[in-house]
Amino acid sequence: MRYLPKSPSERQAMLEAIGARSTEDLFTSIPAAYRLKQPLNLPGPLSEMEIIEYFRGRANENSRGYTCFLGAGVYNHHRLVVTDTIIQRGEFLTSYTPYQPEISQGTLQAIFEFQTLMCQLTGQEVANASMWDGSTALAEAALMAERVTGRHRVVVSRTVHPEYRQVLTTYARNAGLQVEEVGWAAAGQVDAQALSAAVNDATAAVIVQTPNFLGVLEQVPQLAELARAKGALLVVAVTEAVSLGIVRPPAEADIVAMEAQSFGLPPSYGGPFVGVIATREKFVRQMPGRLTGQTTDHDGRRGFVLTLATREQHIRREKATSNICTNQALCALAASVHLCLLGKEGLRELAAQNLAKARFAAAELEKIPSVRRAFAGPSFNEFVVTLPRSVRLVNAELLKEKIVGPLPLGSFYPELTKQGLVCVTETTPRSEIERLAASLRQILETPV
Amino acid sequence: MTDRIKKAGRHVNQSEGLIFEKSAPGKRGMELPPLDVPAVDARQALGAAQVRDAVDGFPEVSEIEVIRHFTRLSTWNYAIDLGMYPLGSCTMKYNPRVNEYVARLDGIATEHPYQPAELSQGCLKILETLQNCLLEITGMDAITLEPASGAQGELTGMLLIRACLESRGNARKKVLIPDSAHGTNPATAVIAGYQVENIRSDAQGQIDVARLKEIVNDDVAALMVTNPSTVGVFEQRIAEAAEILHAKGALLYMDGANMNALAGVARPGDFGVDVMHLNLHKTFSTPHGGGGPGAGPVMVKKILEPFLPVPVLARKADGSLALDTNRPKSIGRVRAFCGNFGVLVRALAYTLAYGPGIRQATEDAVLNANYIRKRLEAHYELPYKLPSLHEVVFSDVRQKKHGVSTIDIAKRLIDYGFHPYTTAFPLIVSGALMIEPTESESKEECDLFIDAMRSIAEEAATNSELVKTAPHSTRVGRLDEVTAARKPILRWRPRATGEAAD
C-alpha cells in the first residue's frame, strides 16, 4: 500500500525485535470474541487514478453549469490563488496545534495576525484563534454572555440566520439558557419596540445579525444602547464578513460572532469554514477557544505562545469555558492570507463592488412589474424580493434555464413563501444578472 | 554532541516581522476587474451612519510580500511532511495529497449547501458512501456526519444520550468519566447538562469494574470511556462495563480518538458501545492544519437513531438522496449546513484508498508502538505494563532523579529533529511521555527516534543541564508563558499618533 513505508522483511524484523511471532500476537489484549475474523466489507482499495475518477464522477452529478444566486451564510467570492498555495504548504497543512511553541512559531504568529485582523474588522479589542463556524460561534457567544452577566435568558431576533438560531437552541437547552425570539419591523430590521419589551433585567444578551438573514443592516449603536439600559450584552452575528469592508463595524457590540468563510474559503457544500469570537478586553477570561499571545524568550526575542489556557478544557476540564479543542486553524490561515492580499484598499473595493452589483440586480429585478423589494432597510449584497407566486415553483422554472434562483424563504419562515433571498457578489457577471431578470420576467409573464 | 544528532542539521532560515510592520500606504496584493455595473455611493445607498472608513491599521502589502511572509513563517513550523510527529493521542499520520486534490475539484468545492437536492446528488452520494464505510468500520447502526470536531461529536453523543433517557422518562444527573480521559470529555458532559463524576482507574490503568458496579445507579446517565484508553491499552472488561450500565438503564459512550488501534481489527459496536465519535483528523488522515479543521462523526445503536441531529441523509421514493430535517425526536441542529463537508470528502478518499486493507494500517501503527516500547523500556519507566496497542506511555521517574522532566526531554527531542511526544497527559501518569508513532513511520524513522530517545536518556544522566535548557537549535528558546498569561498581548496595535517614528 502506497501510504505505508515498510517492506515485508522490515515488518518481520520489527516483530522479531518485539518477540512476537505474528501480527496477531500484537492484538491478544483484545478479547478474542471481539477480534474480527474476516476483512471489513468496504469499497476499495483504489489507486490514485481511481480515487480522482470517483470524485470527478460525483462532481458531475452536482450543479456544474448552473449560475447560482444563493448566499444565506455561504458566499461565492473570488478565491485568490496565493491563498490556496500557502495553505497547502506541508508546514502549515500537516502540523498540529501549536502546543510546542519553539517549533510552531509559524502557526502561532499567523494566528496572532489573524486575531489582529479580526479585531480590526469587527472594531473589537480581542478575537480568538477561531471557532468551528459562525453558528457555533454564536451559540458559544450566548453561553459566554450567560457567564459574564450571570443571567439566563437571551432575546434573539428572528432575522438571525435560522440555522444559527437552531444551533443556539440546541446549545441553550441544557445550559439552563432560555431563548426568546422577536420578529422584524417593516424595514426588515429587528422590531425595536418588541425587542425593548422583551428585554428585562433577567436578559443576558440581545442577539442580532448584520447584515441580517433578510439582507438588511441592523442599527447596532441603538441596539447596544437598548441592551445596555437593561444591563444585557449585545451579541452581533456577522455571516457576510466582506460587508465589513464598507459597513460600519459592530464596535458597540459586547461580543461579535462571525463567520469568515467569505475570506478565501470555498462554499464546499457548507464547510469547513471559520468561526470567530471577538469581544471586549474585559471579557477575555470568559471567552471560549484558543488565544495566541506575544511574549519573549530568555534572550528577549519576540515569540508567540498559546495563552490564557486556564479557560480551556485540557486544563480546566469540567470547569472550562467551552469544550472546544480542535478548531479551524487552517481556514483561519486562509482568511488571513486572503485579507493580507486584499489589503486596506482591496477590501474596500471588493465590498463596494458587491454593493454595486447587488444594487444593480435589485433594480433589474424591480423592473419586472410583479416583482418588488420586500424590505426597505439598507442592504449589502443580498436582498429579498417578493414574487407574485411561490418562489419554490418559480425556481423550478429557473432551473430549466440553468439558474439556481433566489433562496425560498418559506423553508425558514412559513409567512414568506413568496419571498426569495437573492445574493450577488463580485463573481456574478452583469450578463448573468440580466439573464436572471429576463428569465424571471418570462416565467412570471407566462400564465400559470 | 552533534554527531549523536543524525536526523537534523542546521540551516539558515529567514527572519520576518508581523505583516502589519511591512505595510506601506498604496501597496496592494490584488486587483479586481473593472466594475461592469454603475458604481454606487455607499453613503447614499446605506446611509452615512452605516458606512465605515478604511480599516485602520489594515495591511497594505504586495503579492510577493504576502508569499514571502507566509512562506517564511511556514519554515518555522515542524510538520508531518518533515518527519515523525509522535504526539500521543493525536494520531499524526501522513495526509495523502490526493485527498487535497479531490476536495478542491470544481463540482465539489464549489457547491452551495442550499442548492436543490437534485443538483447535489454527487455531494449526497459522498456523504452516503462515507456513512456506510464508517458504520462498517465501527459496527454501529446509524450515523451523523454533522459535528465539526471530536469535541462537538462528544457533545452530540451526550445530547443523544440525554434525549434517549428523557424519552424513557428520566434524563438522569451524572456522567462517569475515568481519570485517564481527555479534557474534552468532562467539559462536554457539563455543556450537555450533566454533573461529572470522575472515577479512578485501577492499578493497571483500566476501568475499575468493581467500583463501577458499586456506583452505577439510577442517577447515572452514561460512562464516557476512551478505548483503547489514553495509556494505549485495550479496556479488557469493556463489555462487562457495558452490561453493568445497561442493567441499570445507563449507556456507554466511547471516545473514538484512538480508533487507529482498532480499524479493521475490532468494532466498538460488537463490544457494547451505544454511542461513539470518530476524529476524522486522526484515524482518517485529514490534515490537522495547525489546529483544525477536523470532523467528529457520531455513530449510534438503533435505539438512539430517532434522536440524531438534523439534517439526516435520506433516500426518497424515487431513489434520489435528500437531507431530511423533519425529525420530531431530533436533538436539533448542532452546526449550520452539512458538517465540515470538505473534511468528509478527504476522509472518504482515505478510506477508499485502503478499502478492507485499512487493517494493515492499524497493524503497522501497533507494530511501530510496540517496537518503540520494546526498544525504550530499558531506558524509560513504563508505569502500566499491559500490552500496548497504537501508543505507549512512559514516565520520567528515572530522569527525575537527575532533575530532568518529561517536558525537558520533549524539548531536547526538538534538537534531534523530532516533534515532541505528548507531555503531561494522561493525568494518571505523573510526568508522562506519551508516544504515538502511527503507521506512517518507516523502520528507519522509528530507529532514529529510538536512538534520539536513548541518547537523551544518557544526556539526562550525564549532562542534565543540556537537556533542561533545550531546545538549543530553534529560532526562539523556551518562551515566557507566565508573562504571556499575566499581561496578555493578544493583537498587534498601530503606533499611537504623535509617537516618534524610528
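Student: In this predicted model, what describes the packing of helix α12 (residues 406-415) of chain B and helix α13 (residues 443-462) of chain B?

Tutor: The two helices pack at an angle of about 125 degrees, and their axes are 10 Å apart.

Student: Why are α12(B) and α13(B) called oblique to each other?

Tutor: Angles of 65 to 115 degrees count as roughly perpendicular and those over 145 as roughly antiparallel, with the rest, beyond those under 35, being oblique; the angle here is about 125 degrees, and α12(B) and α13(B) are therefore oblique to each other. Their crossing is right-handed.

Student: Which residues make the contact between α12(B) and α13(B)?

Tutor: From α12(B) come I409(B), R412(B) and L413(B), while α13(B) contributes A452(B), I456(B), E459(B) and A460(B). By class, the residues of this contact divide into 5 nonpolar, no polar and 2 charged.

Student: What makes up the contact between domain 2 of chain B and domain 3 of chain B?

Tutor: The domain assignment places domain 2 of chain B at 101-356 and domain 3 at 360-485, and their centres, taken over C-alpha atoms, are separated by 30 Å. Each of these domains gives 19 residues to the contact, and the side of domain 2 that touches domain 3 has 9 nonpolar, 9 polar and 1 charged residues.

Student: How many residues does each chain bring to the contact between chain B and chain A?

Tutor: Chain B brings 172 residues and chain A brings 162 residues. On the side of chain B, the largest share, 12 residues, comes from helix α10 (residues 358-376) of chain B, and that side divides into 94 nonpolar, 47 polar and 31 charged residues.

How values were computed
Residues are numbered from 1 along each chain as its sequence is written. Chains are lettered from A and ligands numbered from 1 in the order in which they are written. This is a predicted model: local features need pLDDT of at least 70, side-chain atom pairs count only at pLDDT 80 or more; totals for chains, interfaces and linings use all residues. Two residues are in contact if their C-beta atoms, placed from the backbone, lie within 7 Å. Helices (H or I, at least four residues) and strands (E, at least two) are DSSP runs, numbered from the N terminus. Ala, Val, Leu, Ile, Met, Phe, Trp, Tyr, Cys and Pro count as nonpolar, Asp, Glu, Lys and Arg as charged, and the others, Gly among them, as polar. Axes are lines fitted to C-alpha atoms, for helices over the stretch in contact, and angles run from 0 to 180 degrees between N-to-C directions. A crossing is left-handed if the near helix is turned anticlockwise from the far one by less than a right angle, and right-handed if clockwise. Domain bounds come from an automatic or database domain assignment.
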